[in-house]
Protein chains: 2
Amino acid sequence: MLQDRVEDVLRARVEDATRDAPEPLAAAMRHAVLEGGSRLRPRVCVAVALALGDPSPWLTDAAACSLELIHAASLAHDDLPCFDDADLRRGRPSLHRSFGVPVALLAGDALIVMAFEVLARETPRAPRQVGALVSNLARGSGVPHGIAAGQAAELSSNDPCLRMRKTSALFECAAAAGAIAAGTDPAPWTAMGRLFGEAFQVADDVHDVRGGLDLGKPSGRDSALGRPNVAISLGLDRAQAQVKVLHRAAMEAIPPGARRDRLAEILDACVESS
Amino acid sequence: MLQDRVEDVLRARVEDATRDAPEPLAAAMRHAVLEGGSRLRPRVCVAVALALGDPSPWLTDAAACSLELIHAASLAHDDLPCFDDADLRRGRPSLHRSFGVPVALLAGDALIVMAFEVLARETPRAPRQVGALVSNLARGSGVPHGIAAGQAAELSSNDPCLRMRKTSALFECAAAAGAIAAGTDPAPWTAMGRLFGEAFQVADDVHDVRGGLDLGKPSGRDSALGRPNVAISLGLDRAQAQVKVLHRAAMEAIPPGARRDRLAEILDACVESS
């Protein structure tokens, strides 16, 4: 149900934004966002807002959408030949394999821009919250500590912690966005968001080594590309134990008084691949 | 003096934003923004705000900065091998020639994000204007009619009007940003902004064909790359006449009552290469 809510808002916003855009850019943007995905980041955002009563669901929806747009943009750019050179994403040809490198690059750019536009559209009803959400999203996406910075740091280091930090930056941002959209201080939620992200990344590393689940991308890819992977550096057993430790720590980091059921459900989804 | 104001704010914001960012990404971002440039878009923004009394110079500065960051990001991405494959920019090696394709791509992404962050920082003092500026910047940068859309449209068409539209999108956005930062309705300023952009693009096309001025990029490039150029399709004389027509139309489009001196100066700078 929570995933349906996220899917509905993503579809509505992306179809609206791309209706008058030139092809094939419009099709590439739709492909990048609407062809599946776990929607973990927007689900974390909505789950935090729900844990706080979700008083402005329209703002929560905008915040959730903005997170997935940034995530989709980062995947579009990460898959390009100059980074991962990935042929597949979610079991289908990656964006540049379907539309060519120039269109895939522009689709990523346009999705980053759209993420901020989706937030700004809510200015008339909630100007101060929109400003806080824009700042928060920029912090999770740019420099010095967002995913662009994390991706750059990975280019020159093989430390698996860098990858974990890159992933957790947008999860932390997602948790904070849910709190801001609910009209509350995001500070108590950032530790939980970061731990969610770390749990997910270690689980994803375990999956890459272990394979077995059909997540639409080939397993063993980190090893083939020489990329940092916690399950390679720690070993599979210790990495799986680490997932459990992070799962427990994330649940314990939920601020007292907040409803926990949805958050537990999303956290289970974050680590289910391990 | 107006250019000094723009340079000062750009330097301060970019140095602040990149201080804790990983190298070489931080150096690439500084290189992309701080190594020269005509600053026409931020100067149009500041000139419009000044024509309206510039009541909130700190907000005008943020708006001006955001425009140049988007412009620098678009140059970083346009120069990449999958588009123009340009070796030079402003007489120096282009960003990917200096830092490699992955870092140049990420620098562009991070600059797009930073453009919105710079605006959002002014939320406490002017939340509604910040929301309007974020929407306006997104309109000039993304889909359906911003520079990313324009760049995509150019991939599949040789119509020189598309290029003019892409350039004028960000000039229109710059004029509107100046009006919003001055606390006024941007609508009366968009025609002038668009005509400024068109005058600049035709003048730039003339320069590309005629050469002669040392703008730090090789002339004859459009012809070599088979790219649309008004001075090639119309001929040099008719294109130069067109610059004059657009210059006059832009001056006539300045809303009545606004101070015109700064705007005349910037418009002259826009077309001085022709």
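Author: Gladly, and let's begin with contact: two residues are in contact if their C-beta atoms, placed from the backbone, lie within 7 Å. By that rule the contact takes 45 residues from chain A and 45 residues from chain B. Please keep in mind that this is a predicted model.

Reader: What makes up the side of chain A that touches chain B?

Author: The elements giving two or more residues to it are α1 (2-18), α2 (25-34), α6 (101-120), α7 (127-141) and α8 (147-155) of chain A. The largest share, 13 residues, comes from α6(A). By class, the residues on this side divide into 31 nonpolar, nine polar and five charged.

Reader: How do you know how the two copies are related?

Author: Chain A can be laid on chain B by a turn of 180° and a shift of 0.0 Å along the axis, with an RMSD of 0.0 Å. The two copies are therefore related as by a two-fold rotation axis. Of the residues of chain A, A:Pro127 comes closest to that axis, at 2.6 Å (C-alpha). The same surface serves both copies, as 100% of the contact residues of chain A recur in chain B.

Reader: What makes α9(B) count as mostly covered?

Author: A residue is buried if 20 or more other C-beta atoms lie within 10 Å of its own. In α9(B), 21 of its 22 residues are buried. One neighbour of this helix is α3: helix α3 (residues 40-51) of chain B and helix α9 (residues 160-181) of chain B pack at an angle of about 35°, with their axes 7 Å apart. The crossing of α3(B) and α9(B) is right-handed. Their contact has 13 nonpolar, one polar and one charged residues.

Reader: And α7(B), how many of its residues are buried, and what covers them?

Author: In α7(B), 11 of its 15 residues are buried, among them B:Val130, B:Leu133 and B:Leu137. Their cover includes α6 and α7 of chain A, together with α4 (57-78), α6 (101-120), α8 (147-155) and α9 of chain B. As for its length, α7(B) reaches 21 Å from its first C-alpha to its last, close to the 21 Å expected at 1.5 Å a residue.

Reader: Why is B:Arg39 called buried, and why is B:Asp54 called partly exposed?

Author: It comes down to a count. B:Arg39 has 22 other C-beta atoms within 10 Å, so B:Arg39 is buried. B:Asp54 has 18 other C-beta atoms within 10 Å, which places B:Asp54 among the partly exposed, since that class lies between 12 or fewer for exposed and 20 or more for buried. A:Ala249, in helix α13 (residues 236-252) of chain A, also counts as partly exposed, with 16 C-beta neighbours inside 10 Å.

Reader: Which peptide bonds are cis?

Author: One of them runs from A:Glu23 to A:Pro24, with omega near 5°. A:Pro24 sits in the loop between α1 and α2 of chain A. Another joins B:Val143 and B:Pro144, with omega about 5°, and B:Pro144 is found in the loop between α7 and α8 of chain B.

How values were computed. Residues are numbered from 1 along each chain as its sequence is written. Chains are lettered from A and ligands numbered from 1 in the order in which they are written. This is a predicted model: local features need pLDDT of at least 70, side-chain atom pairs count only at pLDDT 80 or more; totals for chains, interfaces and linings use all residues. Helices (H or I, at least four residues) and strands (E, at least two) are DSSP runs, numbered from the N terminus. Ala, Val, Leu, Ile, Met, Phe, Trp, Tyr, Cys and Pro count as nonpolar, Asp, Glu, Lys and Arg as charged, and the others, Gly among them, as polar. Copies are superposed by least squares on the C-alpha atoms of residues with pLDDT of at least 70 in both. Axes are lines fitted to C-alpha atoms, for helices over the stretch in contact, and angles run from 0 to 180 degrees between N-to-C directions. A crossing is left-handed if the near helix is turned anticlockwise from the far one by less than a right angle, and right-handed if clockwise. The expected span of a helix is 1.5 Å times one less than its number of residues.
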